[in-house]
Structures are given as structure tokens and as C-alpha cells.
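Welcome! Take a look at the sequence and the model first, and then read on.

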Amino acid sequence: MRLTMYTDYSLRVLLYLGSKQDGKLSTIQEISDAYNISKNHLMKVTFELGKAGFIHTVRGRGGGIRLADLPQNINVGTVVRRMEDDFHLVECFDREHNRCPIAPVCGLRGVLGKALHAYLAVLDEYTLEDLLFNREGLRQILNT
């Protein structure tokens with residue numbers, strides 16, 4: 001299983017914001033520079049993170065973004081489910097577009113479904129706080 005870059009960037013933004021002291025505001029440009037990734041991509045990601053309620057956006061001069069909640073209240077599984085556009089591991093997971101001729105008798109769908117459920121269950125066990133166990137190291141690397 002593989003997460004999209006969109007979800008990867010979303011988690012990176014949350015880690016960056018979580019590493020900041022006292023919930024200080026950050027800019028998309030700062031985060032873009034820290035990770036050496038496209039500012040345009042991050043603008044889309046932060047927009048969606050804001051819509052989902054994971055971050056708070058302050059507009060205008062001196063504005064920026066910060067976490068909307070404490071890191072211990074942001075569940076990793078919830079973030080991944082919200083940011084991923086689908087979990088169709090194989091064609092038969094998509095009922096609307098499934099054209100696999102063996103789908104009615106194939107056991108693979110059940111096995112992969114069980115694996116996906118286990119994958120998400122593990123992510124559900126963790127919060128952003130759990131991922132921030134080495135904030136000082138993150139701050140040094142990301143220059144926050």
C-alpha cells in the first residue's frame with residue numbers, strides 16, 4: 001500500500017506545524033523551503049487541511065497557518081482517510097469501474113480488504129503527538 005504525495009505532504013505539514021513552539025504561525029513558503037517541495041502543491045494541501053479542520057489559517061499581513069488542535073487530538077488514521085482520494089487497491093474495490101472477470105469468485109479482494117483494514121487500524125493507534133516524539137530534532141532539521 002502506498003500513500004499519495006498529497007497525503008505525504010499533508011502529514012509533513014502537520015509535523016512541521018506540530019514542531020513549532022507555542023503554536024506560532026508558519027507560512028507555506030517556510031514549509032516549502034524546509035521540505036524543498038512545491039509551494040503550489042502545499043497551497044492545495046493546506047487548503048484541504050484547513051477545510052478538514054486540522055489547521056487554522058490566519059489571513060493577511062503577518063498571517064499564516066497553525067494546528068487547529070493539540071497534536072494529541074489529531075489522529076493519523078483520520079488524516080490519512082481524509083486526505084487520500086480513494087483506497088481502491090485493485091480494480092474490484094471500485095464497484096462502479098470494476099471490469100475484472102474473476103471478481104465474483106476471487107479471494108484476493110477479501111485478503112486485500114483485510115490488509116487495508118489492518119493498515120488503517122494501525123494508523124488509528126497514533127496521533128500527531130506520537131510522531132513528534134523528537135521535536136527538538138525536527139526543529140533542528142526543519143529550522144523551525
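## A salt bridge within one helix

Asp8 and Arg12 are four residues apart in helix α1, so about one helical turn separates them. Their side chains meet in a salt bridge, with 3.1 Å from N to O. Asp8 counts as partly exposed, at 29% relative accessibility, and Arg12 is partly exposed too, with a relative accessible area of 25%. Please keep in mind that this is a predicted model.

## The chain as a whole

With that pair in view, let us step back. The protein chain has seven helices and two strands, and from the N terminus on its elements run α-α-α-β-β-α-α-α-α. The C-alpha trace spans about 60 × 30 × 25 Å along its principal axes. Of the 144 residues, 35% count as buried. The accessible surface comes to about 9,100 Å², and carbon and sulfur atoms account for 53% of that. Among contacts with a separation of 6 or more, 64% are between residues 24 or more positions apart.

In soluble globular proteins, nonpolar side chains tend to be buried together. Here, the largest nonpolar core has 31 residues, and those with the most contacts inside it are Val13, Leu14, Leu17, Ile31 and Leu49. Two or more residues each come from α1 (5–19), α2 (28–35), α3 (39–51), β2 (64–67), α4 (76–83) and α5. The largest share, seven residues, is given by α1.

What does Leu17 touch, once its neighbours within four places in sequence are left aside? Leu17 is in contact with Ser26, Ile31, Ile55, Ile65, Arg66 and Leu67.

Ser10 also has its place in helix α1. Is Ser10 buried or exposed? With 0% relative accessibility, Ser10 counts as buried. Not counting residues up to four places away in sequence, Ser10 touches Val45, Leu49 and Met83.

## Helix α2 and the residue after it

Helix α2 has Ile28, Ile31, Ser32 and Tyr35 as its buried residues. Seen down the helix axis, these buried residues fall within an arc of 100°, so they line one face of α2. They pack against α1, α3, β2 and α7.

Just after α2 comes Asn36, with a positive phi of about 55°; this is a positive value in a residue other than glycine. Asn36 sits in the loop between α2 and α3 and is exposed, with a relative accessible area of 71%.

The loop between α1 and α2 holds Gln21, which is partly exposed with a relative accessible area of 43%. The C-alpha atoms of Gln21 and Gly62 are separated by 17 Å, and these two residues are 41 residues apart along the chain.

## More salt bridges

| Salt bridge | N to O distance |
|---|---|
| Asp8 and Arg12 | 3.1 Å |
| Arg82 and Glu48 | 2.7 Å |
| Arg139 and Glu136 | 3.6 Å |

Look next at the side chains of Arg82 and Glu48, which meet in a salt bridge. Arg82 lies in helix α4 and Glu48 in helix α3, so the pair ties together parts that are 34 residues apart in sequence. Arg82 is partly exposed, with a relative accessible area of 37%, whereas Glu48 counts as buried at 16% relative accessibility. Glu48 and Arg82 are also linked with Lys51 in a network of salt bridges.

Arg139 is found in helix α7 (residues 135–142). Arg139 and Glu136 are three residues apart in this helix, so about one helical turn separates them. Arg139 is buried, with a relative accessible area of 16%, while Glu136 is partly exposed, with 43%. Leaving out residues up to four places away in sequence, Arg139 touches Ser19, Lys20, Gln21 and Thr144.

## A nonpolar patch outside

Our last stop is on the surface, where Val122, Tyr126 and Leu131 form a nonpolar patch with about 240 Å² of accessible area together. Val122 has its place in helix α5 (residues 108–124) and counts as partly exposed, at 42% relative accessibility.

Technical notes. Residues numbered from 1 in each chain as written. Predicted model: local features only at pLDDT ≥ 70, side-chain atom pairs only at ≥ 80, totals over all residues. Heavy atoms only, no water. Patch = residues over 30% accessible without salt bridge, like charges linked within 9 Å, V, L, I, M, F, W, Y side chains within 5 Å. Areas by Shrake-Rupley, 256 points an atom, 1.4 Å probe, with all protein chains shown as cover. Salt bridge = Lys/Arg side-chain N within 4 Å of Asp/Glu carboxyl O. Buried < 20%, exposed > 50% of the residue type's maximum accessible area, 1.4 Å probe, protein only. Contact = heavy atoms within 4.5 Å. Core = buried A, V, L, I, M, F, W, Y, C linked by side-chain atoms within 4.5 Å. Arc of directions from axis to C-beta.
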